[in-house]
Every structure is written in C-alpha cells, then in structure tokens.
Amino acid sequence: MTLKKIKKMSTKSQISTELSDSISNVLGKNVKILYKSLVRMESRGDKVDNKVMVVTSYRIFITTAKVPTRVDNGFHLMEIEAIESKKANHLSITLIHEHKPVSILIGEEKQSEGVINVMHALVAAFDDLYPNVPIEDIICKVNLQFQLQHVSGTRKHSTCGDFSNQYAAMCDLCQTPFRAEVAWDIDTIYLAHDIRMLHLKDFDHLDQRDLIPLLIALQHNTWFTGVCGDGVRVGGEAWEALSRVVRCASPAPQRLSWRAAALRHDHAARLGHALVRARRRPAMHTIDFSQNHIEDKGAISILSGLAMNPDGLRQISLSQCGLTGKTVTHLAAMLNDNPCHLSTLSHLDLSHNNLKDDVHNLYNFLAQPNVLTHLNLTNTETTLENMWGALLRGCAARLSELLVGRNPWSAVRRPKDPPPSFRQFFTACLALNTLDFSYCKMMPDALKSLLLGLACNESATGVKLNLSGVLSSSQAAHVLESCIHGVRCLQSLDLSDNSMELELSGIVRAIGKNHSIHQLSLSRLTGKRSYAPPLIQALVHVLQEPDTALISLDLSDCKLKGDLYGLLNALGGARRLRTLDVGGNLAGDAGARLLAKALQCNCTLHTLYIDRNAFSLQGLTDIATALRRSVSVRRVEFPGCDAAAGGRGASERVAALWRELHERLANNAAPATTHTLRALALERAWGGGEAAAALAAQAAAALPPPPLPAALERASAAAHHLLHQYLQRCSEVFAAMGGSGASGELVTLQAVRDAMAPCSTTLQDLLNEAVESLALSACEGVDSADSDPVPSSEADIPDLLTPISHSAKLDYLNLATPLGCRRRERGARRVRPKSVAEQQCSSNEMLSLPPLHGEAGDALADLPANKLRHLVKGRPRRLKTRAPSRPITDQSQDIDEGLDEFWRTCRTPPGSEEASLSARTPLTSRSLHSLSSLASPSPLRRSPTLPRDDTMYSVTSGESTPVLLECEVSRCKSSDNVGARAAPTTPPPSRSSDDVNAMGNGCARTPGKARPWSVAGVNPDNAACTTEGVEACVGGSIVGITPGAALTSSMLRDHPITPEEGAEA
C-alpha cells in the first residue's frame, strides 16, 4: 500500500483549498506534507475542538481549522513513546517528556477508518526515516485494535542506510544546524571504504552539541554496527545520547570502542545502566575501554550489562583502567556461568592493571577448552610460574598471541626450577604467532626451557619472540647463544634494551646460523661503547653471509656514533637486507656520506629509517642525491628531526629536499628496464674481476635493448595457436560423438577464447622472469672472464667481458700505485673500504691501514717496464707553525760523519751468558750475512725483553723494529731509489712516533691526507740491498727507526763496535 491510495480513501476528511494553502504558508514551502486530516482534539473535560492534524517528514503538527490558521501543537516523530487506540475512532499519542498524552478523535464514532489512515501515514513517515525497520522497533509501545500494514514511503533512500536523511531529522529534533560536510563524508568516504563503525574522531572538530544528533542518528540505522570514540572527550549530553542509543537501538550496536577518552567510573556506570535497561538483550560482543580510569566500579557495571548476551562476547579490552583482582573475579565468574563465552571469546586484554595473584578464577576459565587467540597480561604483577598448567590444558590449540611481559617470574627471592608444564606448553602450541617476555628477568633455566620447548615444536611457524630486557646476566646470554640456532620456528627476534656488555656479538653470530629468523631488533642497546665494535663486526659478518636469511635489522636509538660506520660500509653488499632502521645513532654527516655510498651499491634495500642522526642539510642532500643511482629503495622515512634542527632559517631548502627525495623514490617505484640492467651490473661488479668495472659503468648505456618483447610475443602467439588447435580438435570430437546439449547448440570456441585471453599475458610474465633470472645467473657465472675472453659473434654488441689492459690504464691515469690484478673470490665479503670521512681526524695524521702482503706482491710483480711518475712528490709541504722539538744540526757537515761509530759491531766478553745474538736488539748490518745472522736468533735462549710474533716484529721499549731478511727492504714514502726489490712477504712498515712532516721518513699512513706509497726507481735486476741504497732511501737510518734508538749509551760503552768486525761477521 502507498500513501497516495490512503489519501484517496480518506474522502470524508476533505480540507478546503483555502485552509490547505494557509497551512502550507504557515509551515513553510520547504516542509513536505505527507498527510492532512480533520480531527477533534479533547481539551478540558468533555470539551472538543476542531483541529487539523498534519503529518510531515519529521514532525506532526496540530493546527487550527480556521483561515488564517496557526500551529497549536507540534512534536517530532522520535519523541513518540507510545501509541494506543482504546476506541475505534480514538487515538492517544504519548510523548517522551510529557506526562499527559495527546488524545484525538478521528471520524465518526465506531468507525476506525480515520485512525487507520493516520497510522498508515505514520508508518510511511517512519519508513521514509528508517527504511526496513518496523514501527514496533522504533516506538516502545504500539497498542491498536487492528493489524498494521506495511506502507512504502514517498522518497528514494540514499546510501549507508539513508544516514544523511536520519542525521537531518536528528538535527531537527535537537534544534542544531545541519552540517552538510558530515553527510558528505558518510555518503562518500564511509561508503567507498565500507566502514561500518562511526568514528567520532573524524568529526571532533565540531562542537559538542553537534555530536548529539550524529550519535542519535545511529539509533535505528542498519549500516553502522558500532561506535568508535577513541581519543574523543565527550560531554554529559553526548554521553547521554550514546546511552540512549545503547538502550533503544534496533538493531542493537555490536561494537563499542572508547580508548583514551578520559572516561571516569560515572560514565561507565551510566553506560552499564543503559545496557541493563535495554529493550532487547544486548548484542554487543566487542568492548574496548582501555586507557580510561573507570576503576572496578565502572568495569563491573559494564560487564554486568553484557552478561546476558545470548551470542557471547568476542573481545574484551580493559587495559590500563585501574582494575584490581575484584574485577577479574567478577569477569571470571561471568565467563564461567555462560557457556557461550567459551566458544566465542577470542581476545582478552587486562594489561597494565594491578591484578597481582587474584586471578585463580581466571585460570579456571583458561583451563577449560576455549577459543582464546589473544591473551595480554602485560604488567599485571602476576607471577608467571603458576599459569602454564591452565594454558596447557585449555589454550594450547588456538592461542596465537601471548603477551606476559613486565611480570615477575616468581614471588620468592630464590625461585625454583620452572615447572614441566612451562616447556610442554611451548612444545604443544599449534598456532603460536607472537610471544612477549620483555622485561621479565627470567632465570637462565626458564629461558633455556622456553627455547628448548620452541625448538621441539614442529607445528608453529613464523613466531615473533620478544626478549627485550630479559638478558640480566652473562649466563642467560650464554644460554641464548647456545640454543637460538636450533629454534627453527622463529621468524622475528627482539633483543632491545639489553646490554652490549653481555657478548651480544656471539648471540648475533648464532642468530646468523638460524636461517628461519628474518627480522632482528637491537634497538636501545645499553653499555659501554667499547663493546660496540665486536657487535658491529658480527652484524657485518651475518649480513655478508651468502646464505643469510636476515631481511630486517633495527639498530635505532643505540647512539653508536662512529661505531656505525663499519655497518654502513658493509651495507652496499648486503645480500638480502630489505629494511634497515639506524635512527637515533648520531652518525653525523660522515655517516650520511657513507650511507649515500652504500645506497648506490645496494640492490636489495627497500625501506630505510635514518632520522635523529644529527644529519645536516648537506648530509641529507647527499642521501637524496644518492637515490638517483639506487635501484631498490622504495621508502625512506623523512628525517623530520634532523631537517628541523638543520633547516632553521632554510625552509626553502628543506622543502626542495623533501620534493627531491620523493621524486627519487617515485622513480625507483616505477618499473624500468634500466633498473634491472643496473642491478645486473652491480651484481657482476661485486663478483670481482677485471671486466667488473667496465660492466658496471657501461651496461646501462652500451648494451642494446634486449629483444625480449618480440621473442615473448612470438612465443605467446605460438602457445596460443597450439592451444587453439587442441581445443578446436576437442570440439570436433565432441560434436562427432553427439555430445551437444539439450538446446542443440554446439560448443563454440568464442567463450574458450575469452577465457584463455589472459594466458598470453601470464605466459609472457613467466618467460620474462625466466629470461631475467637466466641473465642474472649468466652475469654472476662469468668466472673465467679475466683469463679466457669470450669472442662475440655480433659486431654491434661490445665485448664487455674482455680483460682490460692495466698498463694502458695506468699510463693514461699516471697512477703511482697500480691496481691489484687478483680476482676476488666468490665468497668474499662485500665490504667497502674504510673512508677518510669516518675517521673524523685532521689531515696530518697517518693512516694505519697497510696494504695486504699478497696484493702488494702481486702489484709489484706486474709493474710495467716504463718509469712511473710520482704524483705526490711535487706537492708543496705545509709551512711549519711550531718550533722543532729536537736540536737543529748543522747541515753543512759531512754526511758520512759518525757512520763508523754507528756501524760498529757489538762484542761480548768470553764466557758471558749474553753471547746469544737473540738477547740483543737486531740492527741492520752492511753485509747480508750479518743481516741473516741477526734475523735468525739462537734457539738455545730467547730474550725476555724482545718477544717476536708471526708478523716479524721485534719490540723494544714499546717501539716496533722491522727485521730485514735477505733482499728484503720495506717500502718507504721517499721518492728516492731503493736498492732492493720487495718480496711478496714484506712485512708492513712500523709506526714511528716521530713527526712525519718534520722528519720526512716516516712509514705510517695517516687517516687524513696520507702520502701514497711510492715504487718509483725500482730496479728488478738488483738482488742485494747495499748500504748506499739504504742510506739514500731513508736518509741515514732504517725505515721508521731513529739511528741508534735501539741501543743505550751504557751498551755502547760496555760493548764497543768496530766497522771492521762488523764486516768480518
């Protein structure tokens, strides 16, 4: 039935045109009138006045029956509390805030036609307001003498359960302005994202009075199933509106979340009272009042209202609510009394409440078979050793998240051994996913039982274990190191807030042996910085392993400063690392420069967090510029703290940096073949070899476009043709066998062709991935490119794998030191050499990084025949700013003066026990025989003051002295000719405490602007080292040794040395 038919049926209640126009003028042109009827309204006693009843979209008006008319009474549709009809033509309407009902008579006595028409008009008005909701669910009491029929409304309903119209009606009820932005957000955003909970945070910019109609509109809305007021502080009127929704809503709300809204126990008490007085049994199965101090009184009131839920509770979150064991006892009793909760409750959060040990009733619920998947008892002062029996009996099958951090293990000072149920629970868990024992101060035995239990679990996979602050002793660290490699069910391990003094480097190496751990967190580490280098070295070792499984590393807020440089240097060759967090380490601009270098070499890093590292705008610019050459980085957290600190007064530079950073990341996110080529080139460059540099530099530009699209298109067409022939043959066989359907139509190929259309694209993608994989394998597998060049059959493709002549390159660049021609091993570490930037020292200090023995020998063995020009020899020296510390000698004296005394040999009196040459400081003699004799100490007795090690060093008074064997002379920094050629086993030069700039003959390398090693004037034909060559090289002294520094004045006086005896020796 429609409203138009009702108007045609009401012939006896016709209203004149003049009266109808007068009513329209009084109500306004914007008010839509649904129904008008002449009625008699009872006033005082038996007196009856003629009135006109007007039903509009939101209100009912009672006007006079005279022209001009006026409005005598009016009320909103939602103010109707009860409708009764005691007589056939009588209708009584009771309002919410009025004690006396509105009593009207319609039509003749004993005729109910007028009352029926008015009720049908009301039904149509409510259908326009709340579609698909019966009037009995909207009005509390409907008592009529006839059966109501459904009457369709007069308007088309909008989206989200016609919420916009309902919100407009509630604004009319509350006499508040209609906010069009609210209606637009609901009809557009909520509909697009299918949001079923009304989030008041989206509208907290409105006034408190504007939230009241927004809440009341949910009273009979069929789209929304709950309200979320997280972080919204509501007033008393808004909270009363929410209580009304809970009490009168149909359908009843199912979810209610109000976190961190400064609610008190009186708010919770009013809500609990509304739940108890609800018209129907509450259907709310999810509540979250975390971070509200509602105390025991408020929590018990809410739980009492939810106890009679016939469908059972699903999620209860009462974290940080100021609860005690009293609330837990009431909750456990409620859960145990209603068996429905055992099969529905899946989430229980009671964290950050002072429960202590008053949780035995809760253990009784946990011991029963239940469906609990999330249990959070963090920081509840509950002893952990008593709960594992209950968890083993009732929660082992479904529990996936167990959070018990910040709780004591036992109430006694000396706890006993962990119960057997502790280990058995972790062995029997079938769905365990997250396990949090942070800050629990577990005993080593308990930690061992935990790890062994997880190691024996064959069902759980992808477990995230949090052991932050758990390692309280070196014994616990040793237990973790010895057991962690065997726990194969772990996916993530968190060791934050532990001390670096507990040998974390060994734990990290043990983690590297566990190939199931993909995520490692070492944030907020404490302890002395002297323990950081071994930890960084262990991390570099793990990241550089060929079979490493670590893809995420968190080192945030450790304040490593310069100790982080080693990790940044090794980051370029990390094989599988995708996420790195190094924020809060104060690395400075030197760290930014090293990170920029690493980003240009890394091929796997995807996400990077770098804030709070004291980067200046220059350092951030270096990182943003390095992203141009990055092939994998997709996300970089913008360093807001560093940009704010370094960008004061330079807001334009910060904005430009932000735009540049996003442009670089957008370019990386866009698929391009050049990225693949650069990744292949970098991978080949890390593999080593002479062709690596050329491939890395020329691959993207020199390689022609791969003929993949044409080849894939041909392969896809061929495969499609084969499939088409096969299906056509099947169709012919099917038709020949009489397999047509009942309709007489043969099976056509059009539907089959449409269904098989995506196959070509899928096949093309598969072939593309296969070809790229083969290309990468081929690029990595060229091991013999340096020795056996592969001739190219095509003239247009350059042969990048042909060895490059080092001599020609050296002639072109005029390098002083040749590059090593040894090819790096496949399993070599991908670590970038140390940078000058990370030393943070002045330029006049020396580098302490001598070249490797093997590399030096190979470099000298393959020197070109022509003479090399020294690039640093002509560099002007800096002017001296300080007076010399040693007395200045006369430069005009003879250079050979004092040599006889210097080269005198030492004699030992006959019969002396000091006759062994090993007891003296070995000095360089004029003859090779004396050198060999000094270098070969007697095995009878070792010198207690001159110990020797494997590096051929002799130590005297804290000073290192190199031992010169036959034909072995250390390379020095002088550009003069050296009379002997260095062998491959030449020991590294020793450090001298003398001022290098003043003396000019030092051998140590400064971390600043060090002078390169010189090989100018090397004569390979010389087979012996003469005294003249040595004197010419070192200026009258051995390299790094002050003349006579190893001899004291007393030794020279007691044991004189003559040149003749030295020559005879």
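Trainee: Which strands does helix 5 lie across?
Mentor: Helix 5, residues 159-174, lies across strand 3 and strand 4 and runs at about 130° to strand 4. Contact here means heavy atoms within 4.5 Å, and angles run from 0 to 180 degrees between N-to-C directions of axes fitted to C-alpha atoms, for helices over the stretch in contact.

Trainee: How are these things numbered, and what am I looking at?
Mentor: This is a predicted model, where local features need pLDDT of at least 70, side-chain atom pairs count only at pLDDT 80 or more, and totals for chains, interfaces and linings use all residues. Residues are numbered from 1 along each chain as its sequence is written, and side-chain values use heavy atoms, leaving out hydrogens and water. Helices (H or I, at least four residues) and strands (E, at least two) are DSSP runs numbered from the N terminus.

Trainee: OK, in what order do the strands of the open sheet come?
Mentor: Eight strands make up this open sheet, in the order 4-3-2-1-7-6-5-8, with mixed pairing. Strand 4 (71-76) and strand 8 (141-143) are the edges, each pairing on one side only. Two strands pair if DSSP finds at least two bridges between them.

Trainee: What does Asp210 form a salt bridge with?
Mentor: With Arg179, the closest N and O atoms being 3.2 Å apart. Asp210 sits in helix 7 (residues 208-216) and Arg179 in the loop between helix 5 and helix 6 (180-193), so the pair links distant parts of the chain, 31 residues apart.

Trainee: Is Asp210 buried or exposed, and why?
Mentor: Asp210 counts as buried because its relative accessibility is 7%. Arg179, at 29%, counts as partly exposed. Buried means under 20% relative accessible area, exposed over 50%, and partly exposed in between, using a 1.4 Å probe and protein chains only.

Trainee: Which side chain does Asp557 meet in a salt bridge?
Mentor: That of Arg612, at 2.9 Å from N to O. Asp557 is partly exposed at 34%, and Arg612 is partly exposed at 33%.

Technical notes. Salt bridge = Lys/Arg side-chain N within 4 Å of Asp/Glu carboxyl O.
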